[in-house]
Amino acid sequence: MGLKPVAFHGDSLERLRDFPEDARRQAGHELYLVQTGADPTDWKPMPTIGLGVREIRLREASGAYRVIYIASLPDAVHVLHAFQKKARKTRQRDLDIPADRLRQLKRRFER
């Protein structure tokens, strides 16, 4: 099986490009693992956003970074959001953004 394509939603690609180089490189490697069907190195499920949604957890000298995605849809690995985590608890906004993007994505599949 080939690599599953990656689809970025909203500003997630731009946000990912804003990560420091090490975190960006690490995120790229983790997404590559997901494309091949493997699990990322450090991840957790995000059921509050939606079934099958996961968060890649990245740690780097300048802080913690997150990439929220869903890979269970047949067409692609969908990156819903990418952000720097600045507090222990994830900001509500950083949960609402991927939830909204997932709703829009699912509407596309229902057509």
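Colleague: Which residues does His81 touch, not counting residues up to four places away in sequence?

Modeller: His81 touches Ser12, Arg15, Arg66, Val67, Ile68, Asp94, Ile97, Pro98 and Arg101, with residues up to four places away in sequence not counted. Contact here means heavy atoms within 4.5 Å. This is a predicted model, in which local features need pLDDT of at least 70 and side-chain atom pairs count only at pLDDT 80 or more, while totals for chains, interfaces and linings use all residues. Residues are numbered from 1 along each chain as its sequence is written, and side-chain values use heavy atoms, with hydrogens and water left out.

Colleague: Where is the place of His81, and is His81 buried or exposed?

Modeller: His81 has its place in strand E5. Helices (H or I, at least four residues) and strands (E, at least two) are DSSP runs, numbered from the N terminus. His81 counts as buried because its relative accessibility is 0%. Buried means under 20% relative accessible area, exposed means over 50%, and partly exposed lies in between (1.4 Å probe, protein chains only).

Colleague: Which side chain is joined to that of His81 by a polar contact?

Modeller: The side chain of Asp94, by a polar contact of 2.8 Å. A polar contact is a pair of N or O atoms within 3.5 Å; within protein, one must be able to donate a hydrogen and the other to accept it, and residues adjacent in sequence count only if both atoms are side-chain atoms. Asp94 is one of the buried residues of H3.

Colleague: Which other residues of H3 are buried, and what covers them?

Modeller: The buried residues of H3 also include Leu95, Ile97, Pro98, Ala99, Arg101, Leu102 and Leu105. Their cover includes H1, E3, E4 and E5.

Colleague: Changing topic, what is the strand order of the sheet?

Modeller: The sheet is open, with 5 strands in the order E1-E5-E4-E3-E2 and mixed pairing. Its edge strands are E1 and E2 (43-45), each of which pairs on one side only. From one strand to the next, the twist averages 30 degrees. Two strands pair if DSSP finds at least two bridges between them.

Colleague: How many bridges join E2 to E3?

Modeller: E2 and E3 run antiparallel and are joined by 3 bridges; Pro45 stands opposite Arg54 in E3. H3 (residues 93-110) packs on the sheet and touches E3, E4 and E5; its direction makes about 170 degrees with that of E5. Axes are lines fitted to C-alpha atoms, for helices over the stretch in contact, and angles run from 0 to 180 degrees between N-to-C directions.

Colleague: And E4: why is it described as largely enclosed?

Modeller: E4 is largely enclosed by the rest of the structure because 7 of its 8 residues are buried. With E3, E4 pairs in the antiparallel sense over 8 bridges, and a hairpin joins E3 to E4 through 2 residues. Ile56 stands opposite Val67 in E4. E4 and E5 run antiparallel, joined by 7 bridges, and form a hairpin with 6 residues between them. Ile70 stands opposite His78 in E5.

Colleague: Which residues have the most contacts inside the largest nonpolar core?

Modeller: Leu16, Phe19, Leu31, Ile56, Leu58 and Val67, in a core of 14 residues. H2, E3, E4 and E5 are the elements that give two or more residues to this core, and H2 gives the most, with 4 residues. A second, separate core of 12 residues includes Met46, Ile70, Ala99 and Leu102. A nonpolar core is a set of buried Ala, Val, Leu, Ile, Met, Phe, Trp, Tyr and Cys residues joined through side-chain atoms within 4.5 Å.

Colleague: What do the buried residues of H2 pack against?

Modeller: They pack against E1 (6-8), H1 (12-17), E3 (53-60), E4 (63-70) and E5 (77-85). Among these buried residues are Ala23, Ala27, Leu31 and Val34. H2 lies across E1, E3, E4 and E5, running at about 145 degrees to E3.

Colleague: Is Arg24 buried, partly exposed or exposed?

Modeller: Arg24, which lies in H2, is partly exposed, with a relative accessible area of 34%. Leaving aside neighbours within four places in sequence, Arg24 is in contact with Leu16, Arg17 and Phe19.
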